[in-house]
Amino acid sequence: MQTEGKKRIWSEYNKEIADDHYFYVRSCIRQSFFPGSEQFFLKFLRDDLRKDVLENPSHTTCTGIGYHADVVPFSTIMTVIARHYALMKEAGYKNIVISCVTSFGVYTEILETWKHFPEELEKTRDYLRRATGREFDLPLNMAHTSDLIYKFRNEIAEKAKYLLINHKTGKPLNIVEHVGCHYAKIFPKYGVGGAEFPNVLGGMIEAWGGKVIDYPERRHCCGFGFRQYLVQANRGYSLSNTVKKFDSMKPYKPDMVLTNCPGCTMFMDKWQYTIKEMNGTVYGDNGESIPVLTYEELAGLVLGYNPWDLGLQYHMVQSEPLLKKMGIHYDPADKYRTRDGRQMPVPENMINV
Amino acid sequence: MSNFGFTLLKARRIDYDANDRSIADFIHDNEPSFRWCIECGCCSATCTSGNYIGFSLRELQILLKRGENEEVKEKIFNCMLCGKCILVCPRGVNTRNVIALAQEAFKNKKQHAV
Amino acid sequence: MKNKVIVIGGGTAGMEVAGQLAKHDCTVTLLERSAETGGHVRDWYHLFPDRKDSREVINYLENLIRHKSISLFTDTDVNDIVRENDFFVVRTSDGKELQADAIVVSTGFDLFRSERKEEYGYGIYDNVISSADLEKMFRNDEIKLQNGNIPSKIGMVHCVGSRDEKVGNVYCSKLCCVTAVKQAIEIVKRIPEAKVFCFYMDIRMGGALYEELYKEAQQDYGVNFIRGKVSEVSQDIDNKLITKVEDTLTGRPLKIGLDMLVLMAGMEMAESGQKIALSAELDTGENRFFKATDLHYGSNKSNKNGIFYAGTCTAPMNITETISHARAAVIDVIDYLNDRSN
Amino acid sequence: MQFDPFVIPFNIGLYFILIYAVVRCVLWFRDLSRADKLRLQRGFFGRPFAKSLKEIFMESLIHRKILKSNFRLGYMHMSLAFGWFLLILFGTIEADIFGTRHLNPPYKAIFFKFFNPEHGRNGIEAFYAFIMDFLLAFILSGLLLAVIKRFSSRVVGMKKTTRLKTLDKVALTSLWLIFPSRLLAESFTSAAYDTGSFLTGSLGSVFASFLPVNELAYPFWWLYSISLGTFFILLPLTRYMHIPTELFLIFARNSGIRTGDHYGAFTEIQTYSCSSCGICIDTCQLNLSTGITDIQSAYLLKGIRNNEDVKDIANNCLMCGRCDQNCPVGIELTPIRMIMRREPETKSGDNGFFEKYFPSHVKIPVPKTNGSLVYGWLPAVKTTKAEVLYFAGCMTHLTPAIKKSMIKILDAAGVNYNFMDEEGGVCCGRPLMLAGKYKQARELINYNSKIIKQSGANILVTSCPICYKVFRESYYLNIDVYHHSQFINSLINEDVLRLRFLRKKITYHSPCELGRRSGVYAEPKEVLKHVGRLQLTRHEDENAYCCGGSLGNMHISYAQKKKIASDAAKDLTRNNPDILATACPLCKKTFSPVTETPVADIAEIVAEAIILSHPDKKNYSKVISLKEPVDISE
């Protein structure tokens, strides 16, 4: 592997990421399944980096899952996105930051559509005007939240309390980076490092001391696939793709998987449980499953946040093996305890405990 | 093992390195013209059996070359060995022998398995 | 007084034009950008379809331009071409101002930079090389992987940078197919136990003895042909190149681990030619190659009277065609000069 | 009683071989089918017996067929077989007349000179001795040829001679030693007693001038006896087994026993009747055109005898039947090969030394269709009624000119016919049979049979000789099967088809499956004589060359087929005909690319010559009776 070649490619995909004043749109899956991630992201940006981030509670889903499942028409989704731009305009913001990769893909697709087919933009303005009476402007800068963490990765590294290094052996952790398909595969120019050798997560991992694993099915889909998953009978397709991916990474003995797409996090996390239940296969070393973390969670760990505040206990694959390797101190008793000290019910069927 | 109402599907893709190409090798060792095929499909177009059933030597020979033997092992016996394909092959492949050897190889394999 | 002609580009076409013009009583100035004449042929080991050593062609061309009426300037780039009354002035990078009655542009082609097909990982994976790299290995007589081992499974990817909208080249470079077959044979000749796989979209064997070479590769060298364009390449833990392609003839995706992957780089209009096109306002076609006035009977003529084309600056060509095209250019130049003096 | 210990080896050998031959014959007889046993019994007491005796005399002793095809080779075989036979015959008479008493044991005749050294001095005795010397000289001249053939086969006019195994070599050496040792023994004895005729007497005198002939005679009598004994004992293990077996074969064949598709005693008898003379190698086009010399029938039979795996040999053959035609022993080589292509039930393997005398062979059953069907996916049969059914055949669909011509001919003759495979039919089954796949073939035969039966036709016409052969022989149908050349001939004879003369020189290539394999030679030629000037070639009828495109051979390459085809085409077009006519779509396809001469099927030529709108055209209405097809075994 010649890193020089990769650097050359990364230099060709230099994405401009705004420095401040972000209009933030949430992800359906991320806020539901990994709520700590978005919590951390907002807190980190506002409190640690002192950035201005606005979140308008009246913003909605982007309807991307419905769109990709063929139940939401394109004109509808364009209008929904236009409304978010309108909310941004009304608040006086010009830089949009999107938490979900599916949404990010939808936003880029629509922006490109409007660029190549201006009549669609005009139509959408008309739809939005008629539906809500709102007007909107195109954003000045559009970024995925992982772009922001990538942008501030060195700041995080400077403040790091823990590095992605096995504190016992001193060796860097083997980390699989999985970039969501819709992040850059549709329009490589919108992704940090392009589509073939993206650097958005790899950059974080390397900045925080870890080692990126380049395995054969690195580019493969996590298995979500929208309609393959939504119909129960078709879930085998989704699962089989995940199996292919994990089979391919297994020989490298990864210590964790880092993803930037909430859907990928969910599927790579939960399907590991499903596969184990179905045929007993586990993909990590020592008979353990591989923890799958969002970049916010990982950044939080590196900065020394309490893993339970980051919501790691809400994953299917538990992160204790990773925490031990990184040498992070945690209190198992706190795991399912609320802020005010109440004991929450403990889930059954957790893996890696 | 748990049942979630769906199953793990076998990958459709051809795993070239994992596949067993011994049958193709056997055919080639005994009939060198097996390699000359350029997949024009003339044999399949003229085929007497292919007139009635989805029998395509073009397809079967390439599946053998890829080691996808399972797909071939039954279909290959649909041939009537009439020999029209030999006459139309632009590359002079001895198609009848290819089929006969493939049939022989599958039979031998079955016998060894038993 | 002898007519003066400037030939821009000292590759096969330029050398042939210069040599033939000198024979026809012209004073020729041959300008070459690099330190040596010979162009791409110099980087090639054997030529298809007869596996002739490229040095024979170079020797022929070098003998041809060893002529008292030819002055050769190497390391000389052309900055611009200006028409002044009846003659042309060519200004070069080293500040020369050369006058000529006619100009032949033979700036040739650039080999497609394989790193532009990112998904193949040229320059990233250790053992993804280009067809030109392989020719060098042949010349040095060592086909080796980066770790020094001898490869035993080698893939040849056809149409890298050709017939591909995604890199902006919709045309067929037409020589890569036969080059791939020639190289595949050469590999098996040197490494008899090697298995070679050609991944192709179409096999285009239009030249004399090309098809015969194709059959020879199948018959005598056991070269495998898989119809499908390689979609992506990745590396596994043992440094094998995991290559994904659809085997379109079985209608199934195929995965194969290879030791080495050779990218059959296509031909593109030379950057130096594009520069000249801009400065001299020469027309270029959709494929960025120089656009001749007529495809059938004016393939050497440019939109500027007195400026002519020779060789692969107009379209992909093999050596035979390049030399023929160059000779045809000479006739057009002589016609032009005669008409002018009458 | 005259006796000497040296006769013991001879006696052991002789009685061994006599008993062995009887036992073997009994075993073979036991293995014959009931019907064949009956045939043999009937044959033994009937005319076939006399016929067999004549054939044995003509073929086994005189070697008439070999003499006809190759005089020198024939002479070699004749001198050894007939000469030896006469020597024994005259020797026995000699011993009977001139010996001490009548009805002597055989050794007395064989070693007569030893026991009667004084014999032959004068008068009738001297004349008799002269005959005996003459016979010995006759044999020795043949032996000399045999020795030369072994080292240089060209001398006897053969391109190839068969290769030998070790036991054969030992037997051959003992055979070679028999007559020279007799010559020397007799010469020495003659010299000692001053007897002997022109050969033994003269040679004896010469030896006596410088050798102690008295002492030398006795060892050579020993050598003579040992040679004979060894030869007899080894005989069952060698190709010389053909000598006694052939007698049995001739009786069996003349009694009407045929190979069929059954592997049994008769096949085995034929296998052992082969003398490995090598004529099949010399007639084989694989040898002549492509230099393949290890798969011919002699090797096939040798392989069967040695219980070797002969699958590759059996399959590498054009099945043209040229060797059958030329085999001097008349072995049904191609039918045997057809059987050997089928799956054997038991595996071949090595027999031990003693097992070799009574070898166990592989069993090759006649396959039956039972259980699951291979072609069960074929659609249900649908046919329309017609008087005549026309079946073009798979190959004919690749030569649309033949198909079109046949339609034109049938229409012009007003035949009420149904085109059975107009939309492409099911293969006739013969290609599968040729590949040894009888069971699968039977399925296709059953399928096509249903169609034919349902059509209610009385006549089946086919354009393809491959189909013709299988329709006629392997379909159990109550229907007349014609090749189109036969049918056209009958149409012409019935005057329902009027043709004009094309004024073209035509040579006719007789397709193997139609000619040699089915015995149809005359009709195609008669048809051609109606429309053009038929030129004869150097290889007519049963000597015709194969085009090389045969479906019988799956092993040879396209290039080899092409070589055979172009050699055959060259021979056929020697006289520069205007048309090279054939009667088989496969032959046409095979010849077309290799010759400048236009190649056409008989049907095409006839179609071109048709005079349409014949004023008083009789519509073809009744079923034409053709003469019985020729019995191909003759």
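Which strands form an open sheet, and in what order? The four strands are ordered S1(B)-S17(C)-S16(C)-S15(C), and their pairing is mixed. Here strands (E, at least two residues) and helices (H or I, at least four) are DSSP runs, numbered from the N terminus, and two strands pair if DSSP finds at least two bridges between them. The model is a predicted one, in which local features need pLDDT of at least 70, side-chain atom pairs count only at pLDDT 80 or more, and totals for chains, interfaces and linings use all residues. Residues are numbered from 1 along each chain as its sequence is written, while chains are lettered from A and ligands numbered from 1 in the order in which they are written.

S15(C) runs antiparallel to strand S16 (residues 241-247) of chain C, and five bridges join them. Across this pair, Val230(C) stands opposite Val245(C) in S16(C). In general, strands of a sheet pair through backbone hydrogen bonds, either parallel or antiparallel.

Helix H1 (residues 12-23) and helix H2 (residues 54-65) of chain C have axes that come within 8 Å and cross at roughly 35°. Axes are lines fitted to C-alpha atoms, for helices over the stretch in contact, with angles running from 0 to 180 degrees between N-to-C directions. The crossing of H1(C) with H2(C) is left-handed, a label used if the near helix is turned anticlockwise from the far one by less than a right angle, with right-handed used if clockwise. On the H1(C) side, Thr12(C), Met15(C), Glu16(C), Ala18(C) and Gly19(C) meet Leu61(C), Leu64(C) and Ile65(C) of H2(C); residues are in contact if their C-beta atoms, placed from the backbone, lie within 7 Å. Sorted by class, this helix contact has five nonpolar, two polar and one charged residues. Ala, Val, Leu, Ile, Met, Phe, Trp, Tyr, Cys and Pro count as nonpolar, Asp, Glu, Lys and Arg as charged, and the others, Gly among them, as polar.

What about the chains as partners? Four pairs of chains touch, and chains B and D have the most contacts among them. There, 20 residues of chain D are in contact with 19 residues of chain B. The chain D side of that meeting has 16 nonpolar, three polar and one charged residues. Chain D has no contact with chain C, the closest C-alpha atoms of the two lying 13 Å apart. Nor does any contact join chain D to chain A, where the closest C-alpha atoms lie 32 Å apart.

Next come the domains, whose bounds come from an automatic or database domain assignment. Chain A is split into domain 1 (14-145) and domain 2 (153-334), with C-alpha centres 25 Å apart. In chain A, 26 residues of domain 1 are in contact with 28 residues of domain 2. H6(A) gives the largest share of the domain 1 side, seven residues. That side has 13 nonpolar, eight polar and five charged residues.

Chain D has four domains: domain 1 (62-237), domain 2 (244-357), domain 3 (388-492) and domain 4 (497-609). The C-alpha centres of domain 3 and domain 4 of chain D are separated by 20 Å, and their contact takes 31 residues from domain 3 and 28 residues from domain 4.
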